[in-house]
Number of protein chains: 2
Amino acid sequence: GRWGMEAVRRGLRRVGEEARELYLNQTVPYLDRAPTPLEFHRDWLSPNRPFVLRNAINHWPALSKWTTGYLRETVGKQAVSVAVTPNGYADAVYQNRFLMPEERRMAFEDFLDVIEGRKARAGVFYIQKQCSNLTDEFPQLLPDLDSHIPWMSEALGKKPDAVNFWLGEAAAVTSLHKDHYENLYCVISGEKHFLLLPPTDRPFIPYELFQPATYKVYEDGSFDVIDVENADKVPWIPLDPLDPDLSRYPEYSCARPVQCTVRAGEMLYLPSLWFHHVQQSHSCIAVNFWYDMEYDIKYNYFQFLDSVTKAASGV
Amino acid sequence: GRWGMEAVRRGLRRVGEEARELYLNQTVPYLDRAPTPLEFHRDWLSPNRPFVLRNAINHWPALSKWTTGYLRETVGKQAVSVAVTPNGYADAVYQNRFLMPEERRMAFEDFLDVIEGRKARAGVFYIQKQCSNLTDEFPQLLPDLDSHIPWMSEALGKKPDAVNFWLGEAAAVTSLHKDHYENLYCVISGEKHFLLLPPTDRPFIPYELFQPATYKVYEDGSFDVIDVENADKVPWIPLDPLDPDLSRYPEYSCARPVQCTVRAGEMLYLPSLWFHHVQQSHSCIAVNFWYDMEYDIKYNYFQFLDSVTKAASGV
């Protein structure tokens, strides 16, 4: 019993260590040319390794056209969904709750006024809707970029499930989490700062259950936290990887985050189930492509790692 | 402690079950055309799923030429390595030992005399050497087949590490084990019978440590078992999947072996780390290609599954 559990814990510590010895790079590698579909599948997707591709989207008109002036002219009065928080933290743990942003519908030009400092508004504003909001809310912009990434689509034998548009303030932070997608993250202007942890570091990353709630931000800067009624608690990561509380989460000291900056014209391949924390320069514009991951042996093994992590921590 | 270990054991049972729900077929699928390199990587190698390809090697002269008459004429007096056992079980557990065959050097034509029943000899004979014995011991036969499988070599970006020649008696059995190779198994004549278990069934497959020993088979049918001196004990699977001792290994009742027959002209893709038990028709001839597996996230996860299996069983 006790001896066996000690051996289980040793195994949990070993898996992330071995990942780094066997196949992970110390830093995120930069590629100077796009991989072929086979190279992408063999060298990156199958082994679940991230990379940044330079000069990835040079042929997209968006790269030169998407100034805030052009966007204002093109999208203008259209209503879009904006995440508003008092502090920049959307979908993050705050006051022992899982706190979602206020989803505010506003004219795109009003949003740009806030971003450009023409209008003072309480709160931090971020377009980050993630359910294919580029296609749904910004159809005028579609001619300025490709609808998918050809080498990725051919490698996976399918088209993306969502194409998302991101634009927001420097204070907006995406808290540490993982997605069930193979993700291509393209920066059009400005830069994104990623902190990444491989799925094999799961044993070092704390999850807890939180009451879900949403912010309501008022014009005077005050805000309410409104609990979602009758909702199941949400498992989320309470740890801030930029300032980890190691006395509370000592196991995180074994994690080995890697950081990388993705600049205008570059693209990050973020493999499925990698934990990521994201920040950006003010008014950074990005588009990302989500391709459904395959629920195959890697997912199956990750679920096992997840279940053993929970069993060993008594959660 | 106790509660956590119970949860670990539930996780161990769940992983094989989930593999079958998510991505494994109930039986080994048969393909009618070779996959492209990308299809092979995406649909079979990356998710670690086996298949049998029909009409896989129709263009090999070997398929029509390799009669025992032609082999006798072509290889004739050349000395080859033959595994000799009293009972057909080479590299298997017997009398609480890990028993390896007597490696007998003999002229190939003498071996054929035994196979064809022209000479009575005590013991079971099997050419199964596995360290690229086709290239090393049967160079005369190389013009009769391809030196590698093009779609596999392109998919993996490398050539095979070993090409092996197999020919033996119906009584010769390959005991349940796994290899660190992506394996293409081509049957030239006769048929091979495979019993397969995915790596995710590891928790149900018992390993124990055994003193290694080799057989010495005498002309009168008697034999000795000779311990290898000063050798480390060898971890091996004592269970016979054709007649499992469930009172001794009750966990094997959760395993879900699949069986398949590979006939002349067909090729089995046996993914890395799949457990396999093999039998064949008398004088079946086969050639297999071993490509080194990648020691990437799947291997990493398997090692974790292996370590937790050991921890939970107290081995």
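1. Starting with the α4/α5 contact in chain A: A:T68, A:L71, A:R72 and A:V75 on α4(A) touch A:F108, A:E109, A:L112 and A:D113 on α5(A), contact meaning heavy atoms within 4.5 Å. By class, the residues of this contact split into four nonpolar, one polar and three charged. Here Ala, Val, Leu, Ile, Met, Phe, Trp, Tyr, Cys and Pro count as nonpolar, Asp, Glu, Lys and Arg as charged, and the others, Gly among them, as polar. Keep in mind that this is a predicted model, where local features need pLDDT of at least 70 and side-chain atom pairs count only at pLDDT 80 or more, while totals for chains, interfaces and linings use all residues. Side-chain values use heavy atoms, with hydrogens and water left out; residues are numbered from 1 along each chain as its sequence is written, and chains are lettered from A and ligands numbered from 1 in the order in which they are written.

2. On geometry, α4 (residues 68-75) and α5 (residues 108-115) of chain A pack at about 160°, axes 9 Å apart. Axes are lines fitted to C-alpha atoms, for helices over the stretch in contact, and angles run from 0 to 180 degrees between N-to-C directions. Helices (H or I, at least four residues) and strands (E, at least two) are DSSP runs, numbered from the N terminus. The two helices are therefore roughly antiparallel, a label for angles over 145 degrees. Their crossing is left-handed, that is, the near helix is turned anticlockwise from the far one by less than a right angle.

3. Now chain B: α4 (residues 68-75) and α5 (residues 108-115) pack at about 160° with axes 9 Å apart, which makes α4(B) roughly antiparallel to α5(B). The crossing there is left-handed. B:T68, B:L71, B:R72 and B:V75 of α4(B) meet B:F108, B:E109, B:L112 and B:D113 of α5(B).

4. Between the chains, α2(A) and α2(B), each residues 37-45, pack at about 35° with axes 9 Å apart, again in a left-handed crossing. A:P37, A:L38, A:H41 and A:R42 face B:P37, B:L38, B:H41 and B:R42; that's four nonpolar, two polar and two charged residues.

5. What does the whole interface look like in terms of area buried between chain B and chain A? About 3,500 Å², with 70% of it on carbon and sulfur atoms; buried area is the accessible area (1.4 Å probe) that two parts lose on being put together, summed over both. Chain B puts 41 residues into the contact and chain A 40.

Note on methods
Parallel < 35°, antiparallel > 145°, perpendicular 65-115°, else oblique.
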